[in-house]
Amino acid sequence: MNMKLTRRNYLALSAAALTGAAACRSQAVSETTQPVPPAASAPTSLPDRSSFSLGSVVYLNAGSQHPISNQAHASLEAYMRHRETHPVPDPYSLNSEGVIEKFARLVNADPDEITFVQSTTAGEQMIVKSLGLPEAGAKVVTDTLHFFGSFPLYGELEKSGCEVAWVKARDGRIALEDMDKAITPGTRLVSLSLVSTFNGFEHDLKAVCDLAHSRGALVYADIIHAAGCVPVDLHASGVDFACCASYKWLMGDFGLGFLYVRRGAMGELKRTNFGYYGISEFATHMYPFDAPGDTMVDYTFSDDAAGWFALGTHSHTTIAMLDASLDYILETGVDAIQAHAVSLTNRLKEGLASQGFDLATPAETRTPIVTCIYDGAYAKLNDKMKAEGIVTTVSRNRFRPTVSVFNTRDDIDAFLTAVGTA
């Protein structure tokens with residue numbers, strides 16, 4: 001008998017196998033001990049401190065890692081109880097497909113254009129490799145406000161014979177006219193961060209995509225500092241590829257993210273990933289009672305994002321958390337989240353400028369990131385912030401407070417008092 005396998009029924013078969021094994025236990029755990037995780041209710045207004053367990057901490061570091069919400073914690077606990085006991089009957093079901101669908105709705109994409117990946121960097125490198133890069137003579141355009149962790153990738157492409165054009169920031173911005181000069185006919189890929197981790201600058205993604213596409217180039221966008229905190233419309237932008245991890249404003253955790261592949265761009269790829277989560281049909285010819293065949297195994301990869309880039313298992317704990325946190329974000333509304341953030345970052349920008357600090361973040365930026373250049377920032381501020389109970393990002397020569405749904409105007413005032421004058 002042939003064994004036919006699809007990604008959907010693979011998980012169902014796995015769950016059935018676990019249930020069967022659990023049935024052999026001499027003492028089954030009652031269904032009543034396995035509560036279904038509570039729905040994530042949206043706040044009636046922002047700020048919302050009640051959904052987080054921050055105590056007296058002034059947390060201005062969501063752009064580094066977002067606190068886990070109480071709703072996500074409850075969803076995680078329900079999953080962990082399931083993993084600990086596997087009761088029979090077992091009412092728990094991990095909502096993997098639902099999480100993909102919720103993220104797709106958040107960024108206006110189709111669910112089959114999205115798959116899980118380990119991280120933003122992993123997704124970006126998978127895209128680059130599937131485009132056949134490095135290739136001698138191929139041209140790639142990136143900019144100096146892209147994620148600094150990606151700089152070695154493009155440095156290595158240069159060493160391998162690619163031409164890499166680095167568009168430099170001017171006044172904390174990447175000018176469209178500079179991208180226009182850099183994206184010449186024959187460019188294979190334009191790679192950027194929709195919102196810069198360095199200073200919160202936001203590209204006009206549609207304008208960049210229109211420009212790139214007019215010259216035959218594809219566009220990749222790192223959206224980790226955008227998804228969940230500023231409106232993202234992948235379809236409207238025309239971007240070909242996008243990726244983000246989930247531990248920032250998606251309110252998930254490390255080890256899991258989302259990769260978007262525009263359906264119309266799949267024909268530009270060559271297959272470099274061969275994961276069993278991407279298989280749509282599978283038939284073996286080696287096990288007892290298998291039908292005979294000319295090969296040991298027949299298989300087909302699905303022609304969607306999972307078929308191209310899904311590999312093996314991924315973080316179930318983070319999926320459980322995202323099941324709640326994405327509900328929270330969708331119900332609260334990204335427009336409301338952004339409006340709340342802007343009210344706080346405007347106060348930050350005004351206060352820091354009046355206190356003599358050199359803002360690296362453009363005044364018009366509507367992202368939850370504010371960066372200041374400050375010589376010796378770490379040595380001067382790190383211990384001071386800790387003493388005041390403030391958690392934020394302080395680097396050697398800059399500092400970067402970032403805000404989210406739980407922050408208040410009092411948080412901003414406490415930070416401005418603690419940072420003092422330049």
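Analyst: A helix here is a DSSP run of H or I with at least four residues, and a strand is a run of E with at least two, both numbered from the N terminus. This is a predicted model: local features need pLDDT of at least 70, side-chain atom pairs count only at pLDDT 80 or more, and totals for chains, interfaces and linings use all residues. Residues are numbered from 1 along each chain as its sequence is written, and side-chain values use heavy atoms, with hydrogens and water left out.

User: Why is T332 called buried?

Analyst: Buried means under 20% relative accessible area, exposed over 50% and partly exposed in between (1.4 Å probe, protein chains only). T332 has 14% relative accessibility, so T332 counts as buried.

User: And why is F148 called partly exposed?

Analyst: F148 comes out at 48% relative accessibility, so partly exposed is the label.

User: What makes F147 and F148 a tilted pair?

Analyst: Rings of Phe, Tyr and Trp (its six-membered ring) pair if their centres lie within 6.5 Å; planes under 30 degrees apart are stacked, over 60 edge-to-face, and the rest tilted. F147 and F148 sit 4.9 Å centre to centre with 50 degrees between the planes, hence tilted.

User: What makes F357 and Y374 edge-to-face, then?

Analyst: Their planes are 80 degrees apart, and the centres 5.1 Å. F357 and Y374 lie in two loops, so the pair ties together parts 17 residues apart in sequence. Both F357 and Y374 are buried, too.
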